[in-house]
Amino acid sequence: MPKIVDHERRRDEIALIACRVVAQHGFEQATIVRIARAAGCTTGMIAHYFDTKQDIIVAALRTLLSEALPIDETRYMECAVWMAFWGQVPAERRLKRVNAWLHHEYLRLFERCLARGWGEWRRWPARSRDQLLRSVITFINGVTASTVASRAEWPAARQIEQLRLQLELLHAWASSGAGTAAARGRPRAGTSGRVGSSRAAASS
């Protein structure tokens, strides 16, 4: 009887291994051959799941960041507790300090994920990176609140698909030069004074 392979799980495993390879060797040196060797498979198997190295890294980044979303029962309960916590923050000085510390830790965690996932990260202006990072946080907080408020409207597949879209939009925004123009404090030609549609989408 042929062995049943969970292709989605195997795809996620390869993506996470790729993330570790990038962390150890850097983006340029994280070759398909090196990723395949670390995953214990052939380059042909990698090609079966991903078209390019960039596709692997994007999948890894999405997998890592999805850990912050309420996509299963355990994480849904955790997020529901955090929503209740946030409701108490404005009235409690101590809780404000706790919340500020947690927010700072999330920023650091997500920055590490993005820096590993996107080889261009360090080449983008610091202000652009900060805007992008805060857009990711805003998106995750928004999806978390929406899912806790109306779980049926936000199944796991929709959350992950929206995360994929946001990452693609934000990456395109930063790569296109709009992020550089924003960092310099002036609109890029043709944007009519707006920073970029991806930023607006990420904050909605």
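**One residue, then the rest**

Modeller: Ser66 lies in helix H4; helices (H or I, at least four residues) and strands (E, at least two) are DSSP runs, numbered from the N terminus. Before going on: this is a predicted model, where local features need pLDDT of at least 70 and side-chain atom pairs count only at pLDDT 80 or more, while totals for chains, interfaces and linings use all residues. Residues are numbered from 1 along each chain as its sequence is written, and side-chain values use heavy atoms, with hydrogens and water left out.

Colleague: Is Ser66 buried or exposed?

Modeller: Ser66 is buried, because its relative accessible area is 6%. Buried means under 20% relative accessible area, exposed over 50%, and partly exposed in between (1.4 Å probe, protein chains only).

Colleague: What is Ser66 in contact with?

Modeller: Leaving aside neighbours within four places in sequence, Ser66 is in contact with Ile71, Arg75, Ile160 and Leu163. Contact means heavy atoms within 4.5 Å. Ser66 and Arg164 are 98 residues apart in sequence, yet 9.5 Å apart in space, C-alpha to C-alpha.

Colleague: And the whole protein: how many helices and strands are there?

Modeller: The protein has 10 helices and zero strands. Of its 204 residues, 36% count as buried. Among contacts between residues at least 6 apart in sequence, 64% join residues at least 24 apart.

Colleague: What about Glu78?

Modeller: Glu78 is also placed in helix H5. Glu78 is partly exposed, because its relative accessible area is 43%.

Colleague: What caps the N-terminal end of H5?

Modeller: Asp72 does, with a side-chain oxygen 3.4 Å from the backbone nitrogen of Thr74. That is a polar contact: a pair of N or O atoms within 3.5 Å; within protein, one must be able to donate a hydrogen and the other to accept it, and residues adjacent in sequence count only if both atoms are side-chain atoms.

Colleague: How far apart are the end C-alpha atoms of H6?

Modeller: They are 36 Å apart, which agrees with the 36 Å that its 25 residues should span at 1.5 Å a residue. The expected span is 1.5 Å times one less than the number of residues. The buried residues of H6 include Leu95, Phe110 and Gly117, and what covers the buried residues of H6 includes H4, H5, H7 and H8.

Colleague: Changing topic: which residues lie nearest the centre of the largest pocket?

Modeller: Those are Ala68, Trp82, Trp86, Tyr106 and Asn141, out of 22 lining residues. The elements that give two or more residues to that lining are H4, H5, H6 and H7. H6 gives the most, with seven residues.

Colleague: What counts as a pocket?

Modeller: On a 1 Å grid over the protein atoms alone, a pocket is an open set of points where a 1.4 Å probe fits, with protein on both sides within 12 Å along at least five of seven lines; lining residues have an atom within 4 Å of a point.

Colleague: Last one: where is His171, and what does His171 touch?

Modeller: His171 is in helix H8 (residues 156-175). Not counting residues up to four places away in sequence, His171 touches Gln54, Trp118, Glu120 and Trp124. His171 is buried, because its relative accessible area is 17%.
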